Amino acid sequence: GYCMISVLETMKTFSVEDGLTEEAIVTKLRTCCYHYLFLHTSLRHNSSGTSRWGEFGEGGLLWGECNGKHFEWFDGTPVTELLYKVRELYGIDQEATFRNVTVSSEKRPRPLYLGTATQIGAIPTEGIPSLLKVLLPSNCFGLPVLYIRDLLLNPPPYVIASAIQSTSKLMSNITCPVPEFTCISAAKLVKLLESKEANHIEFRRIKNVVDEISHMYGSSELFAILQMLLDPTWVATGLKIECKTLVKECELISRRIGEIVSLDGEKDHEISSFPNIPEDFFEDMESSWKGRVKRVHAEKAFAEVERAAEALSKAVTEDLLPIILRVKAVMSPLGGPKGEISYAREHEAVWFKGKRFAPSVWSGSHGEEQIKLLKPATDSKGRNVGEEWFTTSKVEDALNRYHEAAKAEVLELLRGLSAELQTEINVLVFSSMLLVIARALFSHVSEGRRRKWVFPTLVLMDEICRGTEMAKGTCIAGSIVEILDDIGCLGIISTHLHGIFDLPLTTKNAVYKAMGTESADGHTKPTWKLIDGICRESLAFETAIKEGIPEAIIRRAEELYHSINGRACSENDMKIGNLSPPGGVNGFDEAGDSLRRTSNGFTHVSDTLNPIEILQKEVENAVIIVCQRKLIDLYKKRSLSELAEVTCVMVGAREQPPPSTIGASSVYVLFRPDKKLYVGQTDDLVGRVRAHRSKEGMENATCLYIVVPGKSVASELETLLINQLPRRG
């Protein structure tokens with residue numbers, strides 16, 4: 001098979017999956033996100049299956065998938081060469097080690113084929129609903145959905161699947177509150193800590209993750225769930241961490257973050273507030289870093305900010321306030337000069353803003369000294385902001401001092417915390433993935449309970465209790481069926497103990513199915529399709545002949561079989577007698593048939609009917625005979641629990657079938673205007689007749705129908721009528 005190597009540069013991990021089919025590779029390529037695609041040169045010389053790449057890579061499903069994407073060829077030892085290229089592409093030190101997180105493929109199911117993945121909607125396809133939308137509630141999205149999708153596409157080993165199901169069962173029955181299961185992408189977590197870009201909000205979320213692990217450990221009900229999730233998390237991350245070690249490290253991480261970062265609800269800081277400075281200026285400037293870390297770690301910085309804010313207030317009061325007072329003194333309702341101390345949010349500054357204001361006009365008046373100090377306000381590139389904005393050198397110096405006061409020190413504290421937590425990166429990756437899995441399973445269990453689903457136990461039982469005396473074995477088998485039915489088990493039991501159908505079993509969910517058969521060249525052959533009903537016979541004689549048992553033995557066996565089963569059928573024959581069509585049931589008596597044939601077709605049944613009515617009557621008689629005979633045959637074989645009597649109902653040109661036919665299985669014959677007959681079966685005769693009549697020239701088409709027990713019987717009768725009606729003219 002094929003080998004696929006996946007590398008996560010942020011996590012510095014790689015995994016190797018081998019023995020994959022061509023379809024499995026294509027499925028993975030369509031469902032995973034990747035930045036670069038490399039193809040090994042060994043593919044050029046591969047001739048496995050349909051994927052003949054040839055010298056230039058033509059042909060095959062995999063080639064068709066890769067050809068539409070950008071890729072590069074590479075040679076050499078695959079893992080070594082690929083890791084070299086990744087280090088080169090992302091500027092990673094060539095000495096940096098990548099951890100192998102490959103999970104052994106031993107005893108692990110193969111990934112889904114492309115067709116299956118498409119049919120369940122795991123690969124988005126127009127017109128195909130996604131199974132994920134049924135498995136999870138609509139408010140579940142992101143990482144948990146991706147985890148469930150990966151479970152479907154890449155089924156885990158049985159022991160992991162069992163742990164996941166056991167976890168879901170526990171979740172379904174717990175009575176205690178559960179944590180939120182904070183979901184953080186492990187790759188994003190690693191990248192933030194390595195780049196030292198994590199802010200106080202991310203640190204709070206990290207603390208939530210480790211605190212939720214500790215919470216699960218401390219709860220008697222959630223502790224069992226925590227333990228069961230360890231192995232699925234190991235498979236998902238390639239990391240194996242013992243429960244006590246995990247909890248101990250989580251508590252240390254939580255404590256360290258709590259010592260540095262200000263948590264929600266903590267009030268050890270206040271936004272600055274000084275006279276003549278708009279409040280929203282301080283709010284915008286300080287809320288971006290105040291509250292990130294505890295004040296005790298940056299006391300000098302906080303004090304410097306307060307001194308800088310006070311100096312800014314003093315500069316504005318001394319340089320700008322006198323001008324404001326002068327403007328207010330000369331304000332005129334007819335449009336005199338206006339001015340105010342205003343916050344220029346775009347430029348993070350406090351300036352004087354004046355309208356219809358010319359400083360030179362006011363020379364010699366109160367505030368003259370301050371007016372002389374004014375200069376046009378400029379942006380960070382030295383360009384004038386506008387005609388209305390003014391500032392002074394003292395105000396600008398105070399603004400610069402304020403902006404540089406504390407932000408740098410606070411950010412340095414957070415960068416230092418990122419460096420500390422890098423040593424705990426494995427614990428954080430493991431914890432975050434464990435909570436993603438917990439969230440995914442919790443969401444699935446919640447949706448399952450809403451839909452009133454149960455946890456199934458599939459039992460595939462073949463030839464149950466055949467190794468003992470038949471009568472008692474049959475009763476043991478019946479008892480097992482009752483137990484499995486009572487607990488809501490999903491399973492299939494196959495048996496030749498036909499006596500089980502005569503037992504007074506107490507079941508509410510069990511349904512009976514049989515192997516469909518068809519007659520070909522005088523022999524009965526299985527269709528390999530399940531049909532509704534009970535089967536009390538087998539293909540034992542046919543199989544014995546096929547396996548070479550002498551024909552004389554088979555003939556004697558048939559005689560013995562009929563001598564036993566003939567007595568068992570005598571009671572049923574009394575019921576059948578009243579329903580037998582003309583000519584008997586075991587051999588259709590052409591001479592006694594009411595649809596008597598001549599060399600030119602059927603003779604008229606009555607000279608008083610017009611040709612159309614005669615045809616309808618002849619078809620009705622033929623349908624009754626053919627279908628009743630088949631139903632009797634099915635009843636004899638115990639494929640039907642009750643013998644149904646065939647009753648034909650004619651639907652005239654301006655009539656429609658009754659509502660009772662909706663949801664019931666019907667077989668019908670439609671009389672077309674071109675004198676042809678159309679035979680069909682449906683569970684909605686009203687809709688079907690309407691559809692036929694909607695076609696041109698069919699508005700007044702008539703039909704006759706019979707209601708039969710079940711869709712599988714309807715299908716058999718439909719096929720039978722299609723074959724028999726032409727033979728009868």
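This briefing walks through the main features of one protein chain, topic by topic. The model is predicted, so keep its ground rules in mind: local features need pLDDT of at least 70, side-chain atom pairs count only at pLDDT 80 or more, and totals for chains, interfaces and linings use all residues. Residues are numbered from 1 along each chain as its sequence is written, and side-chain values use heavy atoms, with hydrogens and water left out.

**The chain as a whole**

- The protein chain holds 25 helices and 19 strands; these are DSSP runs (helices are H or I with at least four residues, strands are E with at least two), numbered from the N terminus.
- Of the 729 residues in the protein chain, 41% are buried. Buried means under 20% relative accessible area, exposed means over 50%, and partly exposed is in between (1.4 Å probe, protein chains only).
- The chain exposes about 41100 Å², and carbon and sulfur atoms supply 53% of that area. Accessible areas come from the Shrake-Rupley method with a 1.4 Å probe, and for residues only the protein chains shown count as cover.
- Among contacts in the chain with a separation of 6 or more, 68% are between residues 24 or more positions apart. Here, contact means heavy atoms within 4.5 Å.

**A sheet of three strands**

- An open sheet of 3 strands has the order β1-β2-β5, with mixed pairing. Its edge strands are β1 and β5, each of which pairs on one side only.
- Two strands pair if DSSP finds at least two bridges between them.
- Strand β1 (residues 2-8) and strand β2 (residues 13-20) run antiparallel and are joined by 6 bridges. In this pairing, isoleucine 5 stands opposite valine 16 in β2.
- The hairpin of β1 and β2 has 4 residues between the strands, and lysine 12 takes a positive phi near 55 degrees there.
- Phenylalanine 14 stands opposite asparagine 100 in β5, and threonine 13 has arginine 99 as its bridge partner in β5.
- A handy rule to remember: in a regular strand the side chains alternate between the two faces of the sheet.

**Nonpolar cores**

- A nonpolar core is a set of buried Ala, Val, Leu, Ile, Met, Phe, Trp, Tyr and Cys residues joined through side-chain atoms within 4.5 Å.
- The largest nonpolar core has 64 residues, of which Phe203, Met216, Leu246 and Leu434 touch the most other members. Helix α19 (residues 425-450) gives the largest share of this core, 14 residues.
- A second, separate core has 31 residues, including Val350, Trp351, Phe390 and Leu399.
- Not counting residues up to four places away in sequence, methionine 216 touches several residues, among them Pro179, Phe181, Leu222, Leu434 and Leu435.

- Leucine 83 is found in helix α3 (residues 78-89) and is buried, with a relative accessible area of 9%.
- Leaving aside neighbours within four places in sequence, leucine 83 is in contact with Val7, Phe14 and Phe98. The C-alpha atoms of leucine 83 and valine 7 are separated by 7.7 Å, although these residues are 76 residues apart along the chain.
- Threonine 702 is found in strand β19 (residues 702-707) and is buried too, at a relative accessible area of 14%.
- The side chain of threonine 702 makes a polar contact with the side chain of glutamine 616 (3.3 Å). A polar contact is a pair of N or O atoms within 3.5 Å; within protein, one must be able to donate a hydrogen and the other to accept it, and residues adjacent in sequence count only if both atoms are side-chain atoms.

**Positive phi in loops**

- Phenylalanine 181 is not a glycine, yet its phi is positive, near 55 degrees. Phenylalanine 181 lies in the loop between α7 (158-173) and α8 (186-195) and counts as buried at 2% relative accessibility.
- Glutamate 348 also has a positive phi, of about 50 degrees, without being a glycine. Glutamate 348 sits in the loop between β6 (338-344) and β7 (349-355) and is partly exposed, at 39% relative accessibility.

**Cysteines**

- A disulfide is counted as a pair of cysteine sulfur atoms within 2.5 Å, and the count comes to 0 disulfides.
- The closest cysteine sulfur to that of cysteine 33 is in cysteine 32, and at 7.1 Å it is too far for a bond.
- Cysteine 33 is exposed, with a relative accessible area of 81%, whereas cysteine 66 is buried at 1%.
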